[in-house]
Amino acid sequence: MKNNYLGKKCPYCNTAFEEDDAVVFCKVCDMPHHLSCWKENGGCTTFGCMGEMSEILKDEDAYSDDVIVKERKTASFGKLETIYEDKDAIFQMDVPILIENRYLIRDTISGELYARISFKSLTDRSIKALLIDIKGYDIWGNEVGGVEGFQLLDIKTKRESNFGQTTPIPIPDKSVKAIKAVIRKVLYSDGEILKCNETGITFPKAKLLSESLGSSVLADEYVRETAELSKYEVAVVEGAWRCACGSINVGTECLCYKCGQDKDRLVRLLDVSALKKNVEAFQEEMRLKAEAEERARAEREREEEEARRKAQEEKERQKKEAAERRKLYVKRFMRRGPVLAVSIIVLALVVYLTGWHLIPLIRYNSACKALENQEYEKAYNTFVALDDYKDCPDKAVETLYAEANYLMDEGEYASAADLFEEIPGYEESDVLAVQCRNEADYLTAKSNLDSGDYLEAARGFEALKDYSDAAELSKQANYLYADELFCEGEFEDAYSYFIKAGKYEDADMRADESQYQYATECLERGDYEAAVKAYEEVSGSYQGMEDQLKEAEYFYADQLFAAGDYKNAVIYYSRSGDYKEDGDAKVNEAKYAYVKENESKVNRTTYTYLKDLKEIGYADAGSIYQELYAWKAKITINNNQTYSTNPASSLRLSDVVCCHVYLSGGPPGGSTTLRYAYQWPGGAMKTDSWDGRGSAGSTASFYTWRSLAASTGTFHVYVYDEDGNQIGEASVLITN
């Protein structure tokens, strides 16, 4: 059953889903809605979606025919049909957004065309707006009239939230039969604008580990070596990757933001041969463990059998000794004569007639009479005292059941429940025990509510769940308790209880107000981290709140900087915007501090910060950048026309001179064009270049024969990057 809708907002009423809400899902686009919102809208709110309900949660009666909507009804559009759809996810490198679904929709009455695009945020930073282009294609695949510069406004995202699917984008050209979406700019809520690399690649679909590895056994081994959350094959593209847990991370995140697993390790472990060896080792370990457990079990059984044998021998010994004692007693008894025997017989007869028969009968009849007179305690105690006389055990249970029913009729539900619980399985005791316990707890909670003990009332009603109107009274009690807390200035706790109150009266508005007051309180006492988080959760608008949030972000960034968390300091200094004039300087200072602490050529954050700092000429960022990301070419000279790393100590004039280049360094994910120059001894310098671009790990070669002017001596070769920097040189001796 789905539960990932909790905490998200219904697209119709913009209210967060709660655990007790009746929630429906669209069969086509999987969008969750409140059941009441679905019915009020007449179907799914996603533009152009004609889906029916696929699942309803928290509402057992929701599947009746009167709430299942077969067709969307709106005032603005006629019947809509989808004429094109593309569900391949597209990722634009360095843009933390996934373009998930593209639909082209036609109004069958007016003939108007609309695009519906679904986006997914891949960043913790809240996105405020997008600037996108919609490219259109006719039936032949030719590009025709699309839409340039369409703005998706008033967005407020969280990571992995979907947006855009409810916004219709008019397509003016009626010849369009297919579409493609391109993100041009991203506006973050903190005011930063990201200009996008418009090159898009298809993000691989999630592939189950068992399918990828070809075996569920290998998949289980992979999970054992990584984490229980691992379910999918790791997919890596330039600028992003999907973790084994299914979460999508941007390229700068080496660890999965959700489960914390390391990307490189996850990829490295996707080695079928290594997994097979590990499976064999694990199975062998399990076999040895099972054998050891079997030996231990057999040893325990042997010891237990030996103990039973000794116990049986001891029992037989004691039995034999007792028999010997009885024989000795009988022998002594027979000597005392017949007089003693007659006396014993007479005495036994008197005891039997009085104590063992007559008295218990009198007490039994008295207990039955007490039961008829509803003297339950007296009857029960007598039946218990008589032990197994006649049907006394059954009579004792019957007495408890009768007393429990009497107490239930008198409204003493707690006492009745106690008695019903003492006799489980007797007639209807199990059902009546639950009923009485619920009613007793309900009345207690109601009494607490009436007396003003709202917290205990709320706890009582919450425990009863769906009993009677406990769910509604729970919301009322939570609301009243939250109001008490608010009046006492306990805003943080007030917020949580207003949230629990759900849609009771104005609880959602009061929750927002409580969170705002709590955020302001945190700001005033210098708890800037808590203030930032609280302000971000406030959905309403309060005078001066934007400035207060910036203030909290600025001073929280100061704390992060002081603690050495420079990366987050950069984020929060940036978010604080123009709160202080030194905001930009603080951002650069934090970036520089991060770079100095993480001078790593494979760290993408270091690269990003250094690139920014180098562009503005900050401190020695330029020299650090050059040191970390300088291209390097290792050159091997020999006469082997196949790429080789074995250099020759010398070559003859008649040999082909082969120069092999291995490229390393450069910025993360970067590439460059390469140019080379070479000179035969006694000859002129000649230059040329390779086609295409090379990246770290690339190889290239070129071959040359001696010119007429060449002689013996030293052959030289030089390699340059696209900026003209010499990045490698080599030489070899040429002989006759």
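A: Let's start with a sheet: five strands lie in the order S19-S25-S24-S21-S22, and this open sheet has mixed pairing. Strand S19 (650-652) and strand S22 (685-689) are its edges, each with a single partner strand, so one side of each has no neighbour in the sheet. From one strand to the next, the twist averages 25 degrees. This is a predicted model, where local features need pLDDT of at least 70 and side-chain atom pairs count only at pLDDT 80 or more, while totals for chains, interfaces and linings use all residues. Residues are numbered from 1 along each chain as its sequence is written, and side-chain values use heavy atoms, leaving out hydrogens and water.

Q: How do you know that strand S21 and strand S24 pair?

A: Strands here are DSSP runs of E with at least two residues, helices are runs of H or I with at least four, and both are numbered from the N terminus. Two strands pair if DSSP finds at least two bridges between them. S21 (residues 675-679) and S24 (residues 713-720) have five bridges, in the antiparallel sense, so they pass the cut-off of two. One example: the bridge partner of Ala677 is Tyr718 in S24.

Q: What makes S21 and S22 a pair?

A: Again there are five bridges, and the sense is antiparallel. Tyr678 sits opposite Lys686 in S22. The hairpin of these two strands has five residues between them, and there Gly682 takes a positive phi near 85 degrees.

Q: Which strands stand at the edges of the three-stranded sheet, and why?

A: That open sheet runs in the order S18-S20-S23, with antiparallel pairing. Strand S20 (residues 657-665) is joined to S23 by six bridges, running antiparallel, and Tyr662 is opposite Thr699 in S23.

Q: Why are H10 and H12 called roughly parallel?

A: The angle decides it: under 35 degrees counts as roughly parallel, over 145 as roughly antiparallel, 65 to 115 as roughly perpendicular, and the rest as oblique. Angles run from 0 to 180 degrees between N-to-C directions, and axes are lines fitted to C-alpha atoms, for helices over the stretch in contact. The axes of H10 (residues 429-451) and H12 (residues 470-487) come within 11 Å and cross at roughly 30 degrees, so these helices are roughly parallel to each other. Their crossing is left-handed. Tyr442, Lys446 and Leu449 of H10 make the contact with Ala470, Leu473, Gln476, Ala477 and Leu480 of H12. Those residues split into six nonpolar, one polar and one charged. Contact means heavy atoms within 4.5 Å, and a crossing is left-handed if the near helix is turned anticlockwise from the far one by less than a right angle, right-handed if clockwise. Ala, Val, Leu, Ile, Met, Phe, Trp, Tyr, Cys and Pro count as nonpolar, Asp, Glu, Lys and Arg as charged, and the others, Gly among them, as polar.

Q: What makes H11 roughly antiparallel to H12?

A: H11 (residues 454-464) packs on H12 at about 155 degrees, with the axes 8 Å apart. That angle makes H11 roughly antiparallel to H12. The crossing is left-handed here too. Residues of the contact include Phe461 and Glu462 of H11 and Tyr481 and Glu484 of H12. In all, the contact divides into eleven nonpolar, two polar and two charged residues.

Q: Why is H13 called roughly antiparallel to H14?

A: Helix H13 (residues 491-500) and helix H14 (residues 507-525) cross at roughly 160 degrees, their axes coming within 8 Å, which makes H13 roughly antiparallel to H14. H13 passes H14 in a left-handed crossing. Among the residues that meet are Phe491 and Tyr495 in H13 and Arg510 and Tyr518 in H14. The tally is eight nonpolar, three polar and three charged.

Q: Where is the pLDDT below 50?

A: pLDDT is the predictor's confidence in each residue, from 0 to 100. The protein chain averages 85, and 89% of the residues score at least 70. Residues 344-348 are below 50, and that stretch has one contact beyond near neighbours in sequence. Residues 350-355 also stay under 50, with six contacts beyond four places in sequence.
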